[in-house]
Amino acid sequence: MLRQTSRRFLLGAGGIVVVGFLLIMLAATWPVAARPAQSLRIAYLFFEDKETAAAFEALLESENFLVDLIPLAETPNVDFDVYQLIIVAHDTGWVNHWGQQQTSAAYIDSFGKPVIGLGEGGYAYFGQLDRRIGWPEGTHENEKAVLGDPALPYYQTPYDLTALLGSALELYGVGNSQVSIYLSQPEPDIIPLGREVDRRGYYPLIAQRLKARCDQLWGFAGGPELMTTEGRRLFTNAVWYGLENCPISSGESTATPTPTSTSTPTPTPTSTATPSFPLIFPLPYLPTLASPDYNIPKDLSIFGIELTQAIQCFDPSKGLAACGDNSLRLAVKKGGAARIYLKYSGPLSSLPNVPVRIYFRANGVWYQANANGKAVKTLDQSKNDSADVWFKVDSSNDITVDIYAVVDPDNVIAETNESNNRFPASGYITRTFRKRDRLKIVGQRLRYHPPGYSGGQYASGWAVNGGAADYFEQILPVQDGGIDYSVKSGYLDWTTTLNPDGQHALIQTLNMMWILDQAFGGVFGGAFLGADHVYGWVTNNGFSGGHADMPVYPHAGGLGVVGIGTDRPGSSTDSPGRGALIFVHELLHDYDLKHTDTGVDDCGSDDDSSNFPYSTSGIQEFGYNPSTGNIYGPANTHDVMSYCPAGGSKQGWMSPYTWEYMSSKIDAAQVQASADRGEPVRLGAENFRFTQAQKSLVVFATIGNPDHQNYNPEEPGRLYNMHLIDGGVEYPLPGDGYAVQLRIGSKVLYQEDFAVSFESEYHSAAHRGPGQNDEPVFPSDPSPQADVQMIIPWAEGADNVALVKGDQVLAVQPVSANPPTVTIIQPTSPQIWPAGTEQKIVWKGSDPDGDPLSYSIFYTRDDDNWELLATDLQNASYIVPVDAFAGGDQARFRVVATDGVHTAMDESATVSIPDKAPFVTISEPADGRSFVPGGLVIMQGAGVDMEDGTLDESALTWSSDRQGVLGTGFSLARNDLQPGLHVITLTAEDSAGQRSQASVTIFIGHRAYLPMLTR
């Protein structure tokens, strides 16, 4: 047992003044609460963050506790029996790393004292002990408030905060790095104390009852100096809550702590170092190696540091002169790489294994990583000889980061000039990492069987089940997990050949279904309400190309929502395959990105109105995959808006132009600001809104092109499949020239103006691909028709709906006097539908006015999230392939009938459909890949569930057959895999407990290649 002669020894004489001032300040603003008279002793374990330790000491001693600050290195010599509670500081560890060489979580735990773990250090500590409230059971955020239960004594004693719990309780003045434990349902001995404001099931404040005590996680990293008054009060409550064995009601009996008179340990001063809480995770790709020390004159410096998350402008003298160094915008929560290019001057051609250290600063905290690289005389970005560090800025909001690097930081190499080792020479590279809008994408699988077609009918496979979304996420400026991808139940039955006209028809149908999903979703709850995109997947046997619905060419609707394409699979982000490449290409079209149109090298991706600014279709700068370390050279890599990648003649990646264009389209702050102004950055879900109207009309129309050779003056326009629904929802279209009118006779009660275009996106007759391997040929002629989808407020008393162009009436739909009726006649009683079967929904519709009826059918597995399966049906039945549907034991169907305006609805009896296990994809590492011992292995993958959509990162567990569980999340970086073969498995578990796995085999070690013997 160590003795302490002065509790202020840790900070020295100056520390007395600082802590005393803080204590006075806290006391001056701190209302006195009723507290027990005894003074109880608390041990506060910390690594190097002395200021936060002192702040907690001041707070707790103002509450009449005795506090001993114990450096982590001293814990093996401390008798913790003398303490009533132990606090484990935020800087003692991170994820699965806790403590130092001589420290042991098990040793501290053996004393049986209640523990409060703070932030990442507490999370790592509990993880070492396999606690449910520790690693790997949580996720990381940057928040400042919680939602709490006023019934818990946690919020009552000694400070009563219950009156503040009607809304979010702010614990900190600013956003604070935190870890939250995911809890999908109640668990024995786990007490959820405070959850995140915006995410259900995530608890930064949580407790776990053990046999003789109760441990707590206070998931925030910040100390009392960053807390609000309420935050400091709640932390005091948390201490008493742990001492009283975490009661769940005010009347629950608890153990009474007994004060003990003992001596206290003496802390040992330590040198200041980088705090270890990982707001930024920096890890070298390769282990640090011994550096050579040649006995020759030499000088080391740094050409520059490239900060890239996929593509970056660097060295304007060799790249794009108008694109400055590191000027491309970066995203928070997205893995990136710092490529540090080392410069060598001396008689040799290069110098290998040169050490370098890079520093990152965010929120006033410095982080660092050591790496090795080859110092060369001439900068060459095409070679993997730079010193590379993988990093992720794990913030939930915009954050500014300072960066610099030092070559030979410990002066182990003799140089002729030691003054030029820092880059930049003074100051920092300062970059703001931005929050990006999350994209919700729905996969619509097709059953493709037009007349005469005999190939495979059902879209499926790697790209459909999440692989394409993984690739899109890798090259898009969004965070890891920034694409919420899901697969719709069932298959869209499609019997039209996908020639150019057939593709337009499919896009129009998917637009119509998306509008109805939004309209009815707004009325009775929709699984895909707010979806940014719907992508129609077609079997590669029937369709090897793709198409999209660009707002700038709105002849198929122009909503900027829909894309269609082949399901041809890939295997990883470096080998995405044609299906994923076309998926990205077509969905980027939805943001009005046009083809590269650079002539001889674009493989036929021609559009003379393109804004692509470069003379070639190459990506211009060097692309980089931070997950694999793969370099994409401009000479053999095209922008994804060229046709060459899908055709296989070039690799596909994003150019600086495309990266910046999409950065502006999905910048979270910009998107929100434009929505607040009523000026959406794009159409799609941003243009959908709720209104005060009592009823709304869903309008679908087709307008003929009067200048086209197939124009029929007898039918210049058509209104069809319209739905009058209860409630106020709206989806207007921009422009004017055309209008939909709600009228009594010819009197206009309401008019909605809009514009259409018949212009083809293919302006050049040279549109083709080499050997016809790229997307199919399209005509450059104007389109014969334009399709229109909108939702407008209803005008009571209207007896007709008119489609007009100026004074010309193109089509009229009468509003009949009576609505139709519809009755489901199968199933009419609860049923269980087994896996592997096909079932049938049958209904009967009638209309008292004799109007022809069409039908839409909706499905829900849980009564909350309805999804449209089909619309504009003429037959009164629908086949249900059970294996293609999200499961639920209370699933139901709704059939909606329309007579052209009026609607009616009926609902089936409940059916029980088996829950489906999730689809699991591993995008990195690729199967069969090798890594050197100590090398960085970045694992990336996703789980897509029919019931839950894209699974949260807490539902994804990575493991090795050699080392067991490795961690959780969409991405996981590890550099401690043991030498040998590893089967890396990603296990995804959905909310129903269903699990699926995907595995790859990798090798850790140095491959030995023996010469072949011949005789």
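## Terms and basis

On a 1 Å grid over the protein atoms alone, a cavity is a set of points where a 1.4 Å probe fits but cannot get out, whereas a pocket is an open set with protein on both sides within 12 Å along at least five of seven lines; lining residues have an atom within 4 Å of a point. Grid points are joined across faces, edges and corners, and a volume is the space filled by probe spheres set on the points.

The model is predicted, so local features need pLDDT of at least 70 and side-chain atom pairs count only at pLDDT 80 or more, while totals for chains, interfaces and linings use all residues. Residues are numbered from 1 along each chain as its sequence is written, and side-chain values use heavy atoms, with hydrogens and water left out.

## The largest cavity

There are seven cavities of 30 Å³ or more, and the largest cavity has a volume of about 220 Å³. Its lining comprises 23 residues, with D470, E473, G481, G941 and F970 nearest the centre. At least two lining residues come from each of α6 (463-475), β26 (483-487) and β56 (937-945), where helices (H or I, at least four residues) and strands (E, at least two) are DSSP runs numbered from the N terminus.

## The second largest pocket

The second largest pocket has a volume of about 1200 Å³, and among its 45 lining residues D493, W494, T495, T496 and T509 lie nearest its centre. The largest share of this lining, seven residues, is supplied by α7.
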